[in-house]
Amino acid sequence: MINRWRPVVLACALLGLLLPASEAFARQRTLAGTVSYRERIALPPSAVVEVKLVDVSLADAPARTLARTSVRSGRQVPIPYRLRYDDRVLKPSGRYALEARISVNGRLWFLNTTHHAVTAGEPVNGDIQVDRVGQEAEAGPAGPSGRWLAEDINGRGVVDDAQSVLEIAADGKVSGRGGCNGMGGSAVVKGARIRFGQIVSTQMACPPAIMNQEGKFLKALQAARSWRIDTARNKLLLLDARGRRILLLARM
């Protein structure tokens with residue numbers, strides 16, 4: 001009797017071992033895509049591409065990294081990547097995004113400046129376009145004219161994947177992105193004084209954390225009364241009427 005039931009018992013035990021493993025395997029997903037840019041710039045062999053899946057569900061909080069991969073390019077764009085993640089971390093009520101950047105010898109050259117949404121249970125477009133930023137961009141003219149990327153708003157930092165961009169033309173025309181929406185307006189610069197006129201923007205909806213940052217960015221622009229350049233770091237500082245720094249931006 002014992003011998004007759006032994007194969008059944010062994011089969012059940014083996015099935016019990018295989019089911020958790022197969023369930024865990026089913027929860028692992030691989031997102032494949034490419035990272036590219038429009039500029040006609042060749043990447044050196046030391047360039048590293050980093051792609052992250054981040055959680056941007058919480059307003060007023062930094063994005064939380066859920067998965068990350070890095071690729072030493074060794075080739076020109078588009079650069080393929082594969083990002084492995086556990087689909088259990090994606091909740092239907094959550095908000096998620098992809099973030100990509102390209103660095104060379106530890107210095108940032110490119111990053112994505114538009115929101116690249118990921119929705120739980122839906123197909124993901126993994127092709128990400130990045131823009132040239134930071135230290136490797138050509139130096140612009142002295143003063144606030146140029147294209148700038150917000151690094152800090154009111155001393156509270158910025159959300160990783162919500163790039164707020166300000167562009168000031170020599171004639172005072174203002175354009176850029178708040179983080180979700182494109183914007184436009186004008187600014188009057190007289191010496192170290194600056195005053196932004198009415199800023200208008202498009203009306204797209206993005207995750208709360210990004211919309212929150214966009215609102216703070218636009219509010220800070222309206223509160224700016226003076227500017228100065230940190231020449232050592234190539235940063236633009238916008239100050240309020242009391243001389244407090246309300247925006248720190250890096251030249252793009």
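Guide: Welcome! Buried means a relative accessible area under 20%, exposed means over 50%, and partly exposed lies in between (1.4 Å probe, protein chains only). This is a predicted model, where local features need pLDDT of at least 70 and side-chain atom pairs count only at pLDDT 80 or more, while totals for chains, interfaces and linings use all residues. Residues are numbered from 1 along each chain as its sequence is written, and side-chain values use heavy atoms, with hydrogens and water left out.

Visitor: Why is Arg101 called partly exposed?

Guide: Its relative accessible area is 24%.

Visitor: What makes the pair Arg101 and Glu99 a salt bridge?

Guide: A salt bridge needs a side-chain nitrogen of Lys or Arg within 4 Å of a carboxyl oxygen of Asp or Glu. The side chains of Arg101 and Glu99 meet at 3.0 Å, N to O, so the pair qualifies. Glu99 also meets Lys52 in a salt bridge, at 3.8 Å.

Visitor: Are Glu99 and Lys52 buried or exposed?

Guide: Glu99 is buried at 2% relative accessibility, and Lys52 is buried at 8%. Salt bridges that share partners join Lys52, Glu99 and Arg101 into one network.

Visitor: How many salt bridges does a search of the whole structure find?

Guide: The search finds nine. One of them joins the side chains of Arg68 and Glu50, at 2.8 Å, N to O. Arg68 lies in strand E3 and Glu50 in strand E2, so this pair ties together parts that are 18 residues apart in sequence. Arg68 counts as partly exposed, at 49% relative accessibility.

Visitor: What makes E1 and E8 a pair of strands?

Guide: Strands are DSSP runs of E with at least two residues, numbered from the N terminus; helices are runs of H or I with at least four. Two strands pair if DSSP finds at least two bridges between them. Strand E1 (residues 28–36) and E8 have two bridges, in the parallel sense, so they pair. Val35 has Ile128, in E8, as its bridge partner.

Visitor: Which strands form the open sheet, and which are its edge strands?

Guide: The order is E4-E1-E8, with mixed pairing. The edge strands are E4 (79–86) and E8 (128–129), since each pairs on one side only. In the loop between strand E3 (64–72) and E4 you will find Pro78. The peptide bond from Val77 to Pro78 is cis, with omega near 0°.

Visitor: Which residues have the most contacts inside the largest nonpolar core?

Guide: They are Val51, Leu53, Leu98 and Ile102, in a core of 24 residues. Such a core is a set of buried Ala, Val, Leu, Ile, Met, Phe, Trp, Tyr and Cys residues joined through side-chain atoms within 4.5 Å. E5 (96–104) is among the strands that supply at least two residues, and E5 gives the most, with five. Apart from this core lies another, of 22 residues, including Leu166 and Val174.

Visitor: Why is Ser164 called buried?

Guide: At 1% relative accessibility, Ser164 is under 20%, so it counts as buried. Ser164 sits in the loop between E10 and E11. Its side chain reaches the backbone oxygen of Gly178 at 2.6 Å. Contact means heavy atoms within 4.5 Å, and beyond four places in sequence Ser164 touches residues including Trp148, Gln213 and Phe217.

Visitor: What is the phi of Asn154, and where is its place?

Guide: Asn154 has a positive phi of about 55° although it is not a glycine. Asn154 is in the loop between strand E10 (146–153) and strand E11 (165–168), and counts as partly exposed at 42% relative accessibility.

Visitor: Where does pLDDT stay under 50?

Guide: pLDDT is the predictor's confidence in each residue, from 0 to 100. It stays under 50 over residues 21–26, with one contact beyond four places in sequence, and over residues 134–141, with twelve such contacts. The mean pLDDT of the protein chain is 80, and 83% of its residues reach 70 or more.

Technical notes
A polar contact is a pair of N or O atoms within 3.5 Å; within protein, one must be able to donate a hydrogen and the other to accept it, and residues adjacent in sequence count only if both atoms are side-chain atoms.
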